[in-house]
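Keep the structure open as you read.

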Amino acid sequence: MSAFALSPENAAKFQALLERYPEKSSLMLPSLWMVQYQEGWISPEAMQFLAKKLECSAMDVYSVASFYTMFNLKPVGKVHIQLCKTLSCMLRGSGAMQAHIENRLGIKPGQTTNDGKFTFSLVECLGSCGTAPCMSYNDDYVENLTIETLDTLIDKELSCK
Ligand code: FES
């Protein structure tokens, strides 16, 4: 198992946070975000690293990281499209959005394009049912999603080197 380490900048941030929380496990979510922003995903090595730092077991870290779909437990593409598959979005056309994404990118849910640009996932309710259909596009929410919006976003990314 290869070693994981925070970047010097993140290590300093982590240390500063540690000093603010008497209970180290309270840092679980901020720590997981820090790792994900640094690496793009949470590797088993990173979980071991956090377990040591937070004085808990790697299973404790895994149980939190695996509970939330916002944490990636395997590498993802530069853009992670997470389309809501729950009822309100389904009733408002998420099926057509899914078919369009699959068609445009040539991948199914859970897959990454060969060029590493896109990963596509289906997720449960994103809490934006009133503006369904909804997806997250990396850190952005895209509400009232349409085929045109999808094409605009995908075309923009594909035009980037
Ligand atoms: S059902 Fe899609 S955001 Fe709630």
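This is a predicted model: local features need pLDDT of at least 70, side-chain atom pairs count only at pLDDT 80 or more; totals for chains, interfaces and linings use all residues.

Strands β1 (residues 79-84) and β3 run parallel, joined by six bridges. One place to look is glutamine 82, whose bridge partner in β3 is serine 121.

Strand β3 also pairs with β2 (residues 111-112). Here the sense is antiparallel, and there are two bridges. Threonine 112 has threonine 119 as its bridge partner in β3. Together, β2 and β3 make a hairpin, with five residues between the two strands. Look in the turn for glycine 116. Its phi is positive, about 75 degrees.

Why is strand β3 largely enclosed by the rest of the structure? The strand covers residues 118-123, and five of its six residues are buried, so the rest of the structure largely encloses β3.

Now turn to the cysteines. A disulfide is a covalent bond between the sulfur atoms of two cysteines. How many disulfides does the model have? The count is zero. Cysteine 134 shows the reasoning. The closest cysteine sulfur to its own is in cysteine 89, 5.7 Å away. The cut-off for a disulfide is within 2.5 Å, so the sulfur of cysteine 89 is too far for a bond.

| Cysteine | Relative accessible area | State |
|---|---|---|
| Cysteine 134 | 0% | buried |
| Cysteine 160 | 32% | partly exposed |

Buried means under 20% relative accessible area, so cysteine 134, at 0%, is buried. Cysteine 160, at 32%, is partly exposed.

Note on methods
Residues are numbered from 1 along each chain as its sequence is written. Side-chain values use heavy atoms; hydrogens and water are left out. Buried means under 20% relative accessible area, exposed over 50%, partly exposed in between (1.4 Å probe, protein chains only). Helices (H or I, at least four residues) and strands (E, at least two) are DSSP runs, numbered from the N terminus. Two strands pair if DSSP finds at least two bridges between them.
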